[in-house]
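Good morning, and thank you for coming. Please look at the sequence and the structure as I go through them.

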Amino acid sequence: MSDQPTTQLAIHLDLGDANAEELDRLTRQLRDEIKELNVESAEMAKGGDAPAGTKSAELILFNQMVVTLAPTLIPQVVALIKGWTERRPTQSVKIKVAVGKKNVEAEFDPLTISANDVEKLIAKIAKALDE
């Protein structure tokens, strides 16, 4: 990636009554598609130490990921999430954006959001980060 600044998106999927295995599988599918956008990284979110007796040292959050990318890629990621969720049973998506000490959070229902609303969401995120 170039020398431009990066930002982090924390993406949280709400899949209603999906079990942990299905949630993990779908979140990893979305993560893999996001990686194809030439982001710096897209990793499953970690939630602290794993319970004693498990093989992993860290607890992986099955429905959350952290994406590090150039701010100019945020519209592409939001559009990808919208398209991805149109093909899958996602009820809502939460996006948290952090640039330095500035943070903004947005939640939307990808099944009902219009292209115009996607543009408004992106503008809201950009405005909050510019303030």
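**Overall layout**

The chain has three helices and five strands; helices (H or I, at least four residues) and strands (E, at least two) are DSSP runs, numbered from the N terminus. Along the sequence, their pattern reads β-α-β-β-α-β-β-α.

This is a predicted model, in which local features need pLDDT of at least 70, side-chain atom pairs count only at pLDDT 80 or more, and totals for chains, interfaces and linings use all residues. Residues are numbered from 1 along each chain as its sequence is written, and side-chain values use heavy atoms, with hydrogens and water left out.

Of the chain's 131 residues, 37% count as buried, that is, under 20% relative accessible area with a 1.4 Å probe, protein chains only. Among contacts (heavy atoms within 4.5 Å) between residues at least 6 apart in sequence, 62% join residues at least 24 apart.

Let us turn to one residue. Thr27 is found in helix 1, residues 20–35. Is Thr27 buried or exposed? Thr27 counts as buried because its relative accessibility is 0%. A polar atom of its side chain lies 2.8 Å from the backbone oxygen of Leu23.

Next comes helix 2, residues 74–86. Its 13 residues should span 18 Å at 1.5 Å a residue, and its end C-alpha atoms are 19 Å apart, which agrees; the expected span is 1.5 Å times one less than the number of residues. The buried residues of helix 2 include Ile74, Val77, Val78 and Ile81. In general, an α-helix has 3.6 residues a turn, so residues three or four places apart point the same way.

Terms used: Buried means under 20% relative accessible area, exposed over 50%, partly exposed in between (1.4 Å probe, protein chains only). A polar contact is a pair of N or O atoms within 3.5 Å; within protein, one must be able to donate a hydrogen and the other to accept it, and residues adjacent in sequence count only if both atoms are side-chain atoms.
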